[in-house]
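Let's take a look at how this protein holds on to its ligands. Have the sequence and the 3D view handy while you read.

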Amino acid sequence: MINSVEAAAKILLRSKYIIALTGSGISAESGIPTFRGKDGLWSKYKPEELATPYAFARNPKLVWEWYSWRMKLIKEAKPNPAHITLAKLQNMRIIKTLITQNIDDLHERAGSRDIIKLHGDIFTVRCINCIFTQKLTNPPIEIPPKCPRCGAYLRPDVVWFGESLSPEIINKAFIEAEKADAILVIGTSGVVMPAGLIPKVVKDNGGKVIEINIEETVITSYADLFLKSKAGEILPKIFEKIMEIRRSRHV
Ligand code: NAD
Ligand code: ZN
């Protein structure tokens, strides 16, 4: 009997233009909490109440304390086998484009290139008043940090709840979705829009949707294949299966 790892490998080997969409679940095994999980110290705050322009206007210090804590966690974290496998698949041109909702840098550090980062980057800050922007390597020392040009507050260059995504970036993602005949959807609840629509575009165009998640999501109902697993455990197995099938074809 064909198992789901083999089924996934076979779909991927049959497809010509595979893309991947990742969410915070792919970084969970690296120790970075997802929004829909328990955050210890921060669990009394809802991310929806901290990652908003309103929260920042009301209490920039609190919002920055939360972001500094997240920056520190991300800096100390390491890419896990899921990030590494995706980077390998991308470098082998099996995956053509990687789209992520994550604001961490674990895909980059695993070796992925040209990532479409829908929700920005936690290590980039920008002024709320002028055009100043800067890439940080550490959390800011002074909180909330101020713009060296005009003195206004700096904010993380990420998309907050209630804000729009860059039209240029979202267009790029949807163009890739239109081209794709298969998508790997990994560790996303699929409820954050418009990112959650990307797999649906692939499906509506007749492409295959392979979902990897530890629980069912809104995407599962239309996925062609659902692998109920941890990303870091199942992706290397799919990769090995692809290599095994390729080798068997060349003997
Ligand atoms: P989410 O928190 O809504 O959902 C995470 C999903 O990952 C869940 O469906 C969960 O079942 C699944 N999951 C958890 N552990 C997993 C594992 N080991 N393997 C596979 N799946 C696993 O996250 P989202 O859909 O990405 O959207 C929420 C928003 O939160 C995004 O906009 C994102 O920018 C932001 N966010 C980013 C980070 C990060 O950059 N690492 C972390 C938290 C939140
Ligand atoms: Zn400024």
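Predicted model: local features only at pLDDT ≥ 70, side-chain atom pairs only at ≥ 80, totals over all residues.

Residues are numbered from 1 along each chain as its sequence is written, chains are lettered from A and ligands numbered from 1 in the order written, and side-chain values use heavy atoms, with hydrogens and water left out.

**Ligand 1**
- There are 27 residues around ligand 1 (a heavy atom within 4 Å), and Arg36, Gln101, His119, Thr188 and Asn213 come nearest.
- That shell splits into eight nonpolar, 13 polar and six charged residues, with Gly counted as polar and Cys as nonpolar.

**The zinc ion (ligand 2)**
- Who holds the zinc ion? Cys127, Cys130, Cys147 and Cys150 coordinate it through their SG atoms at 2.2 to 2.3 Å (donors are N, O or S atoms within 2.8 Å of the metal, or 3.2 Å for Na, K and Ca).
- The site is tetrahedral, with angles of 98 to 121° among the four donor atoms (all angles must lie between 85 and 135 degrees).
- Along the chain, the donors follow the spacing C-x2-C-x16-C-x2-C.

Terms used: Tetrahedral: all angles 85-135°; square planar, octahedral: opposite > 155°, others 65-115°.
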